[in-house]
Amino acid sequence: METYLRMADLPYQNYFGGKLSAQGKMPWIEYNHEKVSGTEFIIDFLEEKLGVNLNKNLGPHERAISRAVTKMVEEHFYWTLAYCQWVDNLNETRKMLSLSGGGPFSSLLRWVVCHITKGIVKREMHGHGIGRFSEEEIYMLMEKDMRSLAGLLGDKKYIMGPKLSTLDATVFGHLAQAMWTLPGTRPERLIKGELINLAMYCERIRRKFWPEWHHDDDNTIYESEESSEGSKTHTPLLDFSFYSRTETFEDEGAENSFSRTPDTDFTGHSLFDSDVDMDDCTDHEQCK
């Protein structure tokens, strides 16, 4: 959801209180005191309210493919990742949470929360049906999904072609887990090995839409178009709860001064210089 908002150049405020929607789900948003939950319904809501459209370049056939792949990722691939993260590699997940600070949780509470989450994931996977298969069968299903994504991407810049679409936010949001949060696991070995085009794809999106996201492998060059000095230069956000292109970069000083308005990013380009179509939306405050 966050990647979609960044792709659409829509500033947003994060809240980390853990509150669920009325349907008991995440993510959910509040816009002008109106609450909407579920990624698909949120995107439909924003398209209607703000006129954003990441799929403006897709025809009916391509939109149908995009929806089918979205559902494969959200309703099938997702559960194999959840199994890898919370069942098969729970100890590594707990260590990763400890390295990230663990938030307000003590070591003991993190252990309890992780094991509770493991039980919830196993129960929900059983209800879904995929959890009734063996570990090897679940990983076989995961590999089929990843190979399908790699085949669909091919050597294209984005999943559906040279232009961004909503599908890219969905695919990146899931592949990023295999890429960066499952060290030493089968999905990580697959994405960084045989399916290297997916790794290049993830890096391309991370560097373009998450400029504050530093990673130990930032010096890794997957392809020539990402090897420019500009692609290697990142400035961290001081507050991860708020994102807007107007706040992504700190002032650079007199030697790098530039004209900057509430409608421009650090380069002076408009916030709305993206692949998104802002239909019927000319008032900047309305777009926000």
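Reader: How far does the backbone nitrogen of K56 lie from a polar atom of the side chain of N53?

Author: This is a predicted model, in which local features need pLDDT of at least 70 and side-chain atom pairs count only at pLDDT 80 or more, while totals for chains, interfaces and linings use all residues. Residues are numbered from 1 along each chain as its sequence is written, and side-chain values use heavy atoms, with hydrogens and water left out. A polar contact is a pair of N or O atoms within 3.5 Å, where within protein one must be able to donate a hydrogen and the other to accept it, and residues adjacent in sequence count only if both atoms are side-chain atoms. The side chain of N53 has a polar atom 2.9 Å from the backbone nitrogen of N55, and for the backbone nitrogen of K56 the distance to a polar atom of that side chain is 3.3 Å.

Reader: Is N53 buried or exposed?

Author: N53 belongs to the loop between α2 (39–50) and α3 (60–88), where helices (H or I, at least four residues) and strands (E, at least two) are DSSP runs numbered from the N terminus. A residue is called buried under 20% relative accessible area, exposed over 50% and partly exposed in between, using a 1.4 Å probe and protein chains only. Because N53 has a relative accessible area of 15%, N53 is buried.

Reader: What separation do the C-alpha atoms of S165 and N53 have?

Author: S165 is placed in the loop between α6 (135–153) and α7, and because its relative accessibility is 1%, S165 counts as buried. Along the chain, S165 and N53 are 112 residues apart, but the separation of their C-alpha atoms is 8.4 Å.

Reader: At which residue does α7 bend?

Author: The expected span of a helix is 1.5 Å times one less than its number of residues, so the 15 residues of α7 (residues 166–180) should span 21 Å, and this agrees with the 21 Å between its end C-alpha atoms. Since 13 of those 15 residues are buried, α7 is largely enclosed by the rest of the structure. A bend at a residue is the angle between axes fitted to the seven residues ending there and the seven starting there. In α7 this angle is about 25 degrees, and the residue is H174.

Reader: Which residue has a side chain joined to that of E212 by a polar contact?

Author: E212 sits in the loop between α9 and α10 (229–232). At 4% relative accessibility, E212 counts as buried. The polar contact between the two side chains is 2.9 Å, and the partner of E212 is R6.

Reader: What is the relative accessible area of H33?

Author: D9, in the loop between α1 (2–7) and β1, has a phi near 55 degrees, a positive value in a residue other than glycine, and D9 is buried at 3%. H33, in the loop between β2 and β3 (34–37), also is not a glycine and has a positive phi of about 70 degrees. H33 is exposed, because its relative accessible area is 74%.

Reader: Which helix gives the largest share of the lining of the largest cavity?

Author: On a 1 Å grid over the protein atoms alone, a cavity is a set of points where a 1.4 Å probe fits but cannot get out, and lining residues have an atom within 4 Å of a point; points are joined across faces, edges and corners, and a volume is the space filled by probe spheres set on them. The count comes to 1 cavity of 30 Å³ or more, and the largest cavity holds about 40 Å³ of space. Its lining includes Q85, N89, M96, T181 and P183. The largest share of this lining, 3 residues, comes from residues 90–99, which form helix α4.

Notes
1 Å grid on protein atoms, 1.4 Å probe; cavity = no way out; pocket = protein on both sides within 12 Å on 5 of 7 lines; lining within 4 Å.
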